[in-house]
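Colleague: I've got a model open and I'd like to learn how to read it. Could you take me through it one feature at a time?

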Amino acid sequence: MNVTQQQNAAPSAAPGTRKWTRDLAPYRKPSHRRSIFEIAVTFLPFAGLWFLAWAAVYLGHWELSLLPSALAASLLVRLFLIQHDCGHGAFFRHRLANDWVGRIIGVLTLTPYDVWRRAHAIHHAASGNLDRRGIGDIDTLTVSEYRALSAWGRLRYRLYRHPLVMFGIGPAYVFVLRHRFPLGHDRNGRQAWISAMATNLAAAVLVGGLIWLVGTGTFLLVQLPITLLAAAMGVWLFYVQHQFEDTYWAEDGSWSLQEAALRGSSHYDLPAALRWLTANIGLHHIHHLASRIPYYRLPRALRDLPELQGVKRLTLWQSLGCVRLTLWCETQRRLISFREARRKDRAARAAN
């Protein structure tokens, strides 16, 4: 086993759930002052960059709006991650504060907070469970499931997994269209529709007010790049945190919440500026171990608990290779590409 493999291997004698609960408990308590500060240093620059992008378009230099729009998109992702912490009850001590801040930010991110919170809770409760896939995660088929599909089914899955769809068309569809209608939430249908329609109404009022101020064309030139780029960045972050080669998937009977956190969630080791913009979401293994820790306390937990520092570490460069990984190989217990699956099929046919 080489050094990289040793760093990425989950500890063979990993501390038990009770120990992790005890060790991570001191980091769970949020600071209201710090949380309000985090909102201010995210929203105010976002609003300022939106104004700069508008000014560039207004003065007839729309191409100059692209840089502030890109930076504003990054801050919109950061606002989404504040909403994410609110959904876990991690940003403020009181549930009402978390929920209403999350709902307000959801208008900016075009994400119905209550709908998303429920789906994301299911994701945390079932991440890496082969028998509980389908809600709040990236659709992932096993090799045998893919082989059993019809030609049309395989084509649909390949299109879904294509980078242009996964990080381009897909994010635009999810945030602009799919979030407007909470289909598939039968158990909690009424609350889901109330959340979605309230978010839609508030977003319509906000958009209508901005169009009244700056005009339809100017608004679209400013807001569309921000929305589409932020959606793509958000999906990329969610994707790479669980879709890496030696991630963790297991059948329900052998699935473990702790193993899913330590082996199925990456330590996405980003440069400092990107860590700030992504609100430390790269420390995803710690987040899955203790989702009530505010994101601004995650780095301290990592520093204080050395056994977490090398677990599933993934650099920015290494993460680019995750795009090709599309199928879970049941025999090798890892994600593989379509090409590798074809090679396995050819080898099996040749052996027979």
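Colleague: How do I check the length of helix 5 against what its 15 residues should span?

Modeller: Helices here are DSSP runs of H or I with at least four residues, numbered from the N terminus (strands are E runs of at least two). The expected span is 1.5 Å times one less than the number of residues. Helix 5 should therefore span 21 Å, and its end C-alpha atoms are 20 Å apart, which agrees.

Colleague: What should I keep in mind about the source?

Modeller: This is a predicted model, where local features need pLDDT of at least 70 and side-chain atom pairs count only at pLDDT 80 or more, while totals for chains, interfaces and linings use all residues. Residues are numbered from 1 along each chain as its sequence is written, and side-chain values use heavy atoms, with hydrogens and water left out.

Colleague: Which residues of helix 5 are buried?

Modeller: Buried means under 20% relative accessible area, exposed over 50%, and partly exposed in between, using a 1.4 Å probe and protein chains only. In helix 5 the buried ones are N98, D99, G102, I105, G106, V107 and T109. Their cover includes helix 4, helix 6, helix 9 and helix 10, judged by contact (heavy atoms within 4.5 Å).

Colleague: And how do I read a nonpolar core?

Modeller: Take buried Ala, Val, Leu, Ile, Met, Phe, Trp, Tyr and Cys residues joined through side-chain atoms within 4.5 Å. The largest core has 60 residues, and L24, F46, W50, I226 and I286 have the most contacts inside it. Helices giving at least two residues each to this core include helix 2 (17-24), helix 3 and helix 15 (298-304). Beyond its neighbours within four places in sequence, L24 touches I286, L289, A290, I293, A301 and L305.

Colleague: What about pockets?

Modeller: On a 1 Å grid over the protein atoms alone, a pocket is an open set of points where a 1.4 Å probe fits, with protein on both sides within 12 Å along at least five of seven lines; lining residues have an atom within 4 Å of a point. Volume is the space filled by probe spheres set on the points, which are joined across faces, edges and corners. The largest pocket holds about 1,300 Å³. It has 50 lining residues, with W116, G136, V174, R178 and H179 nearest its centre.

Colleague: How big is the second largest pocket?

Modeller: About 450 Å³. Its 18 lining residues include W50, L206, L210, F219 and Q223, which lie nearest its centre.
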